[in-house]
Amino acid sequence: MTHHIVVLGAGYAGLAAAKGAARKLRGRGGARVTLVNAAGHFVERVRLHQLAAGQRLRDLPLSRLLAGTGIELVVARVTGIDADTRTVRVDSAPYAIGYDTLVYALGSAADTTAVPGAAEHATAVATYEDAVRLRERTAGAQGSLAVAGAGLTGIEAATELAETYPGLTVRLVTGGELGPGLSERGRRYLRRALELRGVELREYARVHEVAAHGLVLADGGEIPADAVVWAAGFRVPDLAREAGFAVDARGLIKVDGTLRSVSHPEVFAAGDAAAAYDPGGSASRMSCQTGLPMGMYVAGSATAALTGRTPKPLRLRYVWQNISLGRRDGLTQFTRADDSPVGAVLTGRTSARFKEAITRGTVVALRR
């Protein structure tokens, strides 16, 4: 009887998992891999701020990336999972897909439910569709724009848009201090980069509401804006919770050290959708830097029973944080394995070139 591995999501983690599983099962009859994704192309999520600023991204059709792998591609949106019958429901043909092993890698989206008005009045930059909407809203803009959230996504969006549209007043708003995960040298450089691009920084400004005229703060103050970019946190789909899989408070699937669901042993999770923790109890960071190795790892974990291998627990190790500051500037903060910063940084064009090389290299790795 054929063992069917179904991978949900073709982001960094899902695509790596599907291709890795197919490679490990190559030459073994009785096993097949199906990859389900809402779109027919791979999205370089780390470049979405570039798309939002009007730049053209490379076209990366999944059919080309999967050529010669034997993986079946289903372009459809997942609408539900029946854990009892081990069936995935999708919104187009074949409408139902049975699985023996499921790899859940559906990723995350902007959390526009965090404060009132965010869903109605703000535009995110967490998905391809988000970035296209933001591009259409800001093209040729001369007014003001507020970016709520000063994580990597918010910083990159603010600096890219400010550089592209010098007539646009950009305000970066954060509820705490800028760059808490950076070294002192990294924070100084980041502040200087914002100043050079005319980005106005508002720290310790907690957003209470997003209104049609801008941001309403918890202290009663307001930050006027013709457009708002919401980059203050991410959330995962409710599909895992609705399916009955054990999830944490954020809705991420609880997994053991091999990324196997603690409640459903036939289910594995990778990327933003997985509640993975290191031995010290720290949660994995939502990023390409963790998604890709988790996807590569889960390929072996999900096929272990079929290949006769016993996987060792996953150990995520961090090396750096790469932050784009427009097209010709950047900040690379080197870190310890636990993601805490060290004093060493790369800045300027050197950092920008370094990040570009890493980003291109990631796509090359996924092609293979």
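**Exercise 1.** Determine how many residues of strand 11 are buried, and identify the strands paired with strand 11.

*Solution.* The model under study is predicted.

Step 1. Strand 11 comprises residues 169-173, and four of its five residues are buried, which leaves the strand mostly covered.

Step 2. On one pairing, strand 10 (residues 144-148) runs parallel to strand 11, and five bridges join the two. Within this pairing, Val-170 of strand 11 is the bridge partner of Leu-145.

Step 3. Strand 12 (residues 200-202) is also parallel to strand 11, with three bridges between them. Here Arg-171 stands opposite Glu-200 of strand 12.

**Exercise 2.** Trace the chain from strand 11 to strand 12, and state which helix it passes through and the handedness of the crossover.

*Solution.* 

**Exercise 3.** Locate Thr-359, decide whether it is buried or exposed, and list its contacts beyond four places in sequence.

*Solution.* 

Step 1. Thr-359 belongs to helix 10, which spans residues 348-367.

Step 2. The relative accessibility of Thr-359 is 9%. The cut-off for buried is under 20%, so Thr-359 counts as buried.

Step 3. With residues up to four places away in sequence left out, Thr-359 touches Glu-44, Val-46 and Arg-47.

Definitions and conventions:
Residues numbered from 1 in each chain as written. Predicted model: local features only at pLDDT ≥ 70, side-chain atom pairs only at ≥ 80, totals over all residues. Heavy atoms only, no water. Buried < 20%, exposed > 50% of the residue type's maximum accessible area, 1.4 Å probe, protein only. Pairing = 2+ DSSP bridges. Right-handed = clockwise from strand over helix to strand, strands pointing away. Contact = heavy atoms within 4.5 Å.
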